[in-house]
Amino acid sequence: MEKILSIGSRINHSEYGKGVVTNVSPTMYWVTFIENGLETIDIDSEYEVIEACEDELDTVSFYEVEQTLRSILKKWSDISEVIPIADKYKGGTLILQSKDSNLSNKEIPIDSFFHKIVMLRDRLRVMEQKINSNKLLEDQDKVDLQQYITRCYGTLTTFNVLFKNNSQSFKGESSKK
């Protein structure tokens, strides 16, 4: 196996020309070519090494380390990521109005309400992880409990309108089978 090039190494690629390695993954190089800009090429593709930089450090990029760390923290921690509320609701108020006009309305800052919904979602995720990693539960029990949690997510989809990013909203059981 050839030695993996380090960031800063210069190469000459038959298709893209001369360039400098700017990032490295286990399978790809990100190379900024003089004529063609940034391209990704397979580590085992054909190229001529003009100058190989010596790098005593691991060739995993900072981005990959950061993404891996985020993934681990998200999976095993009860620390929640920052979830933005939809711009149209920022600073708004949720008003609970009784049918009885003699009773006063209850006003709740919508940001506080949204924060509680996000906390509920995060706690459901932690519960999900604890169920899945529990050694005492039978597989069928895990599946049954997981289905309840999925139904809880489905019930909470009403609040998806509050999320700025759709990717962070609740997803329940799909009706498409």
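In the predicted model, Tyr29 is buried, with a relative accessible area of 1%. Tyr47 likewise counts as buried, at 18% relative accessibility, because the cut-off for this class is under 20%. Four aromatic pairs are counted in the structure. Tyr29 and Tyr47 form one of them, in an edge-to-face arrangement with 6.0 Å centre to centre and 80° between the planes. This pair links distant parts of the chain, as Tyr29 belongs to strand S3 (residues 28–33) and Tyr47 to strand S5 (residues 47–51), 18 residues apart.

An edge-to-face pair is also formed by Phe113 and Phe159, with 5.5 Å centre to centre and 70° between the planes. Phe113 lies in helix H2 (residues 110–133) and Phe159 in the segment after H3, 46 residues apart. Phe113 is partly exposed, with a relative accessible area of 23%, and Phe159 is partly exposed at 27%.

Charged side chains were examined next. Lys142, located in helix H3 (residues 139–155), is buried yet has no salt bridge. Beyond residues up to four places away in sequence, Lys142 touches Ile131, Asn132, Asn134 and Leu137. Arg151 lies over the face of Tyr148, at 5.2 Å from the ring centre.

Overall, the protein contains three helices and seven strands, in the order β-β-β-β-β-α-β-β-α-α from the N terminus. Of its 177 residues, 24% count as buried. The accessible surface comes to about 13,100 Å², of which 54% belongs to carbon and sulfur atoms.

Conventions
Residues are numbered from 1 along each chain as its sequence is written. Side-chain values use heavy atoms; hydrogens and water are left out. Helices (H or I, at least four residues) and strands (E, at least two) are DSSP runs, numbered from the N terminus. Buried means under 20% relative accessible area, exposed over 50%, partly exposed in between (1.4 Å probe, protein chains only). Accessible areas come from the Shrake-Rupley method with a 1.4 Å probe; for residues, only the protein chains shown count as cover. Lys and Arg count as positive and Asp and Glu as negative; His and the chain ends are not counted. A salt bridge is a side-chain nitrogen of Lys or Arg within 4 Å of a carboxyl oxygen of Asp or Glu. Contact means heavy atoms within 4.5 Å. Rings of Phe, Tyr and Trp (its six-membered ring) pair if their centres lie within 6.5 Å; planes under 30 degrees apart count as stacked, over 60 as edge-to-face and the rest as tilted. A charge sits over a ring if NZ of Lys or CZ of Arg is within 6 Å of the ring centre and within 35 degrees of the ring normal.
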